[in-house]
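Have a look at it first, then read on.

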Amino acid sequence: MTGIAATFTVEPGCSIGALLQKAPLTPLENRILLMHALQLSRIQLITQDERSIDAQQAQQLSALFGRRLRGEPIAYIIGQREFYGLLLEVTPDVLIPRPETELLVELALQHLPSDPRQALSVLDLGTGSGAIAIAIAHSRPDLAVTALDVSSAALTVAGRNAARHLQLEHGPFRLLQSNWYSALGEQRFDIIVANPPYIVAGDRHLAEGDLRFEPQDALTDHADGLSALRNIVGGAGHHLKNGGWLLMEHGYDQAAAVRTLLQVQQFEAVQSWQDLAGIERVSGGRLRTTV
């Protein structure tokens with residue numbers, strides 16, 4: 001928001017239509033904040049454009065606009081973000097789910113057998129808001145899904161999201177506090193998915209835009225960007241069933257390095273998949289079957 005004043009005062013008595021015309025953000029962000037503050041749908045925002053803003057609403061909107069002008073992400077301001085068709089709660093304790101991560105969900109669903117008579121299990125490492133695990137569980141009610149995170153605060157958010165979107169007809173959904181695989185014992189899964197911290201320590205992007213407000217431990221490994229990925233690949237063989245898949249999101253320039261990590265650990269069918277922007281965003285492989 002460089003070059004834009006960090007405050008904006010909404011005057012009581014101003015109409016919704018007039019405020020939308022002079023509000024300082026993009027038209028989309030202006031609408032989102034008004035819809036949130038006034039508890040209106042987009043259609044209501046249009047049909048009630050002559051409605052006046054009262055003093056309390058003006059004060060609330062001024063505060064919301066100020067937060068956004070100071071750079072705070074919209075998702076944290078309104079407390080939610082849509083992911084894979086599900087509206088999820090987000091707080092500063094968790095990363096904001098991003099559209100490119102939906103590729104990880106799609107690939108997990110593609111690599112799972114479709115026969116509901118099989119007892120299939122999925123592990124999500126570093127679940128955060130629970131976005132990936134919940135999207136998979138919601139799409140495949142026959143699955144048993146386990147989601148791990150080292151952060152108890154993140155698990156609290158994930159628990160609320162799971163309660164909102166997963167019903168009795170969905171398979172077992174379990175949340176565990178764990179530093180990667182440490183709490184799992186000898187459990188094995190058909191698929192392991194992960195969106196770990198992969199930004200290199202000191203990367204300038206960590207001090208820019210939305211990333212300034214997101215939990216740093218979920219963004220960077222405080223090292224070369226590959227240490228968490230190494231741990232995940234290194235431990236996957238002890239927690240995948242024979243022929244199980246490991247799928248991981250990574251940085252835009254890390255695909256070749258991640259494929260090498262997988263190949264060294266004797267994974268087969270190793271490959272990378274592009275997101276909608278044409279960037280190799282997810283890499284994975286199948287654990288070689290042993291007798």
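The points below go through the sheet, the pockets, an aromatic pair and one serine.

1. First, a word on what you are looking at: this is a predicted model. Please keep that in mind for each point that follows.

2. Start with the sheet. Seven strands make up an open sheet with mixed pairing, and their order is β5-β4-β3-β6-β7-β9-β8. At the edges sit β5 (173-177) and β8 (267-274), each of which pairs on one side only. If you follow the sheet from one strand to the next, the twist averages 15 degrees.

3. Now zoom in on one pairing. β3 and β4 (residues 144-149) run parallel and are joined by five bridges. To find the spot on screen, pick Leu 125, whose bridge partner in β4 is Leu 148. Which helix packs on the sheet here, touching β4 and β5? That is α8 (residues 152-165), and its direction makes about 170 degrees with that of β5.

4. Next, the largest pocket, with a volume of about 1,100 Å³. Its lining counts 47 residues, and the closest to the centre are Leu 95, Pro 196, Pro 197, Ala 218 and Leu 219. Three elements are listed as giving two or more residues to this lining: β3 (121-125), α7 (131-139) and α9 (216-219). The most comes from α9, with three residues.

5. What is the lining of the largest pocket like by class? It has 21 nonpolar, 14 polar and 12 charged residues.

6. The second largest pocket holds about 400 Å³ of space. Its lining has 16 residues, and Ile 32, Met 35, Ile 74, Ile 78 and Gln 80 lie nearest the centre. The elements that give two or more residues here are α2 (27-38), α5 (74-78) and β1 (80-83). Of these, α2 supplies the largest share, six residues. Sorted by class, the lining of this pocket has eight nonpolar, three polar and five charged residues.

7. On to the aromatics. The structure holds two aromatic pairs. One of them is formed by Phe 8 and Phe 65: the arrangement is edge-to-face, with 5.4 Å centre to centre and 75 degrees between the planes. Why does this pair tie together parts that are 57 residues apart in sequence? Because Phe 8 lies in the segment before α1 (16-22), whereas Phe 65 belongs to helix α4 (residues 55-69).

8. Ser 15 is placed in the segment before α1. Leaving out residues up to four places away in sequence, Ser 15 touches Asp 49, Glu 50, Arg 51 and Ser 52.

Note on methods
Residues are numbered from 1 along each chain as its sequence is written. This is a predicted model: local features need pLDDT of at least 70, side-chain atom pairs count only at pLDDT 80 or more; totals for chains, interfaces and linings use all residues. Side-chain values use heavy atoms; hydrogens and water are left out. On a 1 Å grid over the protein atoms alone, a cavity is a set of points where a 1.4 Å probe fits but cannot get out, and a pocket is an open set with protein on both sides within 12 Å along at least five of seven lines; lining residues have an atom within 4 Å of a point. Grid points are joined across faces, edges and corners, and a volume is the space filled by probe spheres set on the points. Helices (H or I, at least four residues) and strands (E, at least two) are DSSP runs, numbered from the N terminus. Ala, Val, Leu, Ile, Met, Phe, Trp, Tyr, Cys and Pro count as nonpolar, Asp, Glu, Lys and Arg as charged, and the others, Gly among them, as polar. Two strands pair if DSSP finds at least two bridges between them. Axes are lines fitted to C-alpha atoms, for helices over the stretch in contact, and angles run from 0 to 180 degrees between N-to-C directions. Contact means heavy atoms within 4.5 Å. Rings of Phe, Tyr and Trp (its six-membered ring) pair if their centres lie within 6.5 Å; planes under 30 degrees apart count as stacked, over 60 as edge-to-face and the rest as tilted.
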